[in-house]
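This report describes one protein chain and the surroundings of its ligand. The sequence and the model are shown first.

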Amino acid sequence: MAAASQVVLHATDQTRISRLVLPSGCVIRKEPLGPDAQRRVRHEVEILERLAGVEGVVHLAAGAAQRAGSILLADVGGTALSRRETPLEPVELIDLAVSLAHAVAGMHHRGVVHRDLCPANIVVSEDSGAPYLIDFALATTFSVVQPEFAHHGAAVGTVPYLAPEQTGRTGRPVDQRADLYALGASLYELATGAPPFGTEDPIRMIHDHLARVPDPPGAVEPSVPPALSEIIMHLLEKEPDDRYQTAEGLAHDLAPVRRGVVAVRPGEHDLPTQPLAPSRLCGRDRDIDQLDAAFAEAVTGRIPRGPRRGRAGCGQDIPGQRAAADRGWRRRLVRRGQVRPVPPRPGV
Ligand SMILES: Nc1ncnc2c1ncn2[C@@H]1O[C@H](COP(=O)(O)OP(=O)(O)O)[C@@H](O)[C@H]1O
Ligand SMILES: [Mg+2]
């Protein structure tokens, strides 16, 4: 593959992105760098193959032979939203929001959760004005992922847009609803000029994702239509169960806003096509009460007797994880472990 010219668009110690001018037209080459670069290439290509044909998602370059060590992508011919001057005009913002809602819906339908939606990972075509989702490096095809507590520098995703459950500090699993929170934080930035909790201090941002309700976008930037402001706030609900459940539900509410309707009831038509696990625990109050009592005893220095019983695989550790996260039990005081059933000995 002989390229007439190559311009580097973006380079970090993790990735290099360049535009190649080929006889057949321009393509974008993404080269993951570093020790696990090959695995990252394979992962992103697999996700992009799964998303082939989804509108609003970047696709692999047609015709150009893929080369080992890099990913060749169709050139969207535009710039990332992170490079745009914000706030955007409301008309453009609503159009973008509608297109992004459809793109995210198409992606979720194919069973992909992006986990890193943010303005730097959305490129807008200069010709058509259409947005495209890019950068599937962190995407997963597992419908639910249980994140571990991680240092803020090691959290999966980009901190200003991170759903509370994706911080690994709530005990809640991550599913497609985390993308809807990240989309809400991105739209908040496009509407007001900054993400809901700024971009400065990662520890404060994580705290605020978990505990602080942001000012509504309409209060920060009066030109944001009230209905759009409410929709963005519904995307930013802390508890996944209280948020939009689907991107289709979001698209449904944005359609009347585009037509100029001034009041909507966010989430009115928002039914998941497949069941999503409730983020709140149901029917485990007794377990949690027992754990509360055991914890209270442990902090006084006594050794509590373990009251927990159950068959392997019945979710014995879940009430513990949730109770620890909800009550902010100090991590040094909580240890997780597993007891394996002992196989019966022959003749006993
Ligand atoms: N298909 C594309 N068309 C145009 N620009 C792109 C394309 N893919 C990436 N870019 C540019 O490269 C930047 C980084 O790409 P990305 O895949 O997000 O890399 P990283 O994994 O380093 O974040 C984007 O913000 C965008 O400016
Ligand atoms: Mg990126």
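**Basis and overall make-up**

This is a predicted model, in which local features need pLDDT of at least 70, side-chain atom pairs count only at pLDDT 80 or more, and totals for chains, interfaces and linings use all residues. Residues are numbered from 1 along each chain as its sequence is written, while chains are lettered from A and ligands numbered from 1 in the order in which they are written.

The protein chain holds nine helices and seven strands. Helices (H or I, at least four residues) and strands (E, at least two) are DSSP runs, numbered from the N terminus. Of the 348 residues in the protein chain, 39% count as buried. A residue is buried if 20 or more other C-beta atoms lie within 10 Å of its own, exposed if 12 or fewer, and partly exposed in between, with C-beta atoms placed from the backbone. Two residues are in contact if their C-beta atoms, placed from the backbone, lie within 7 Å. Among contacts in the protein chain with a separation of 6 or more, 65% are between residues 24 or more positions apart.

**The four-stranded sheet**

An open sheet is formed by four strands in the order β1-β2-β3-β4, with antiparallel pairing. β1 and β4 (71-74) stand at the edges with a single partner strand each, so one side of each has no neighbour in the sheet. Neighbouring strands of this sheet are turned against each other by 30° on average, direction ignored; the axes behind such angles are lines fitted to C-alpha atoms, for helices over the stretch in contact, and angles run from 0 to 180 degrees between N-to-C directions. Two strands pair if DSSP finds at least two bridges between them. A hairpin of two residues joins β2 to β3.

| Strand pair | Bridges | Opposite residues |
|---|---|---|
| β2 and β3 | eight bridges | Ile17 and Lys30 |
| β3 and β4 | four bridges | Val27 and Ala74 |
| β5 and β6 | three bridges | Ala80 and Val123 |

**Surroundings of ligand 1**

Ligand 1 is surrounded by 19 residues, of which the closest are Thr15, Ile17, Val76, Ala80 and Asp135. A residue is near a molecule or strand if its C-beta atom, placed from the backbone, lies within 6 Å of it. β1 (5-11), β2 (15-22) and β3 (25-32) each give at least two residues to this shell. Both domain 1 (5-74) and domain 2 (78-258) contribute at least three residues to the shell; these bounds come from an automatic or database domain assignment. By type, the shell has 11 nonpolar, five polar and three charged residues. Here Ala, Val, Leu, Ile, Met, Phe, Trp, Tyr, Cys and Pro count as nonpolar, Asp, Glu, Lys and Arg as charged, and the others, Gly among them, as polar.

β6 and β7 form a hairpin with five residues between them, and Gly129 in the turn has a positive phi of about 75°.

Gly77 is placed in the loop between β4 and β5. With 16 other C-beta atoms within 10 Å, Gly77 is partly exposed. Leaving aside neighbours within four places in sequence, Gly77 is in contact with Ser125, Glu126 and Asp127. The C-alpha atoms of Gly77 and Ile28, 49 residues apart along the chain, are separated by 9.4 Å.

Leu81 lies in the loop between β5 (78-80) and α2. Leu81 has 21 other C-beta atoms within 10 Å and is therefore buried. Not counting residues up to four places away in sequence, Leu81 touches Pro119, Ile122, Val124 and Leu190. Between the C-alpha atoms of Leu81 and Pro131, 50 residues apart along the chain, the separation is 8.6 Å.

**Helix α6**

Helix α6 (residues 226-235) is mostly covered, with nine of its 10 residues buried. These buried residues include Leu228, Ile231, Ile232 and Leu235, as well as Glu230 and His234. Among the elements that cover them are α2 (90-109), α3 (176-192), α5 (217-220) and α7 (247-258).
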